[in-house]
Amino acid sequence: MISDRYAKWNGTEIGKSILSDQEDLESLTRYAYAHGDGVKLKSSHIEHVKSRLNDYLV
């Protein structure tokens, strides 16, 4: 799930820049303001993970 979640990072300039530690909070804020309308969030499936963990614990 994690590799699926961040798979696109290696394919974009901003993702490569983040992974190579070239970005800071200010630069990412500027990027978010400039590109905020085009950002598509993908489900992290956290509810599925919580459910599986709960099944294991109970």
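**A walk through a helical chain**

Starting at the N terminus, the elements of the chain follow the order α-α-α-α. In other words, you will find four helices and zero strands as you trace the chain. Please keep in mind that this is a predicted model.

Let's begin with the chain as a whole. Of its 58 residues, 7% are buried.

Now turn to helix H4, which spans residues 46-57. The structure contains one salt bridge, and its partners are Glu 47 and Lys 50, whose closest N and O atoms are 3.9 Å apart. Both residues sit in helix H4, with a spacing of three residues, or about one turn of the helix. Side chains of opposite charge can pair when their charged atoms come close. Is Glu 47 buried or exposed? Its relative accessible area is 56%, and the cut-off for exposed is over 50%, so Glu 47 counts as exposed.

Helix H4 also holds Leu 57. This leucine has a relative accessibility of 61%, so it is classed as exposed too, by that cut-off of over 50%.

Notes:
Residues numbered from 1 in each chain as written. Predicted model: local features only at pLDDT ≥ 70, side-chain atom pairs only at ≥ 80, totals over all residues. Heavy atoms only, no water. Helix = DSSP H or I, 4+ residues; strand = E, 2+ residues; numbered from the N terminus. Buried < 20%, exposed > 50% of the residue type's maximum accessible area, 1.4 Å probe, protein only. Salt bridge = Lys/Arg side-chain N within 4 Å of Asp/Glu carboxyl O.
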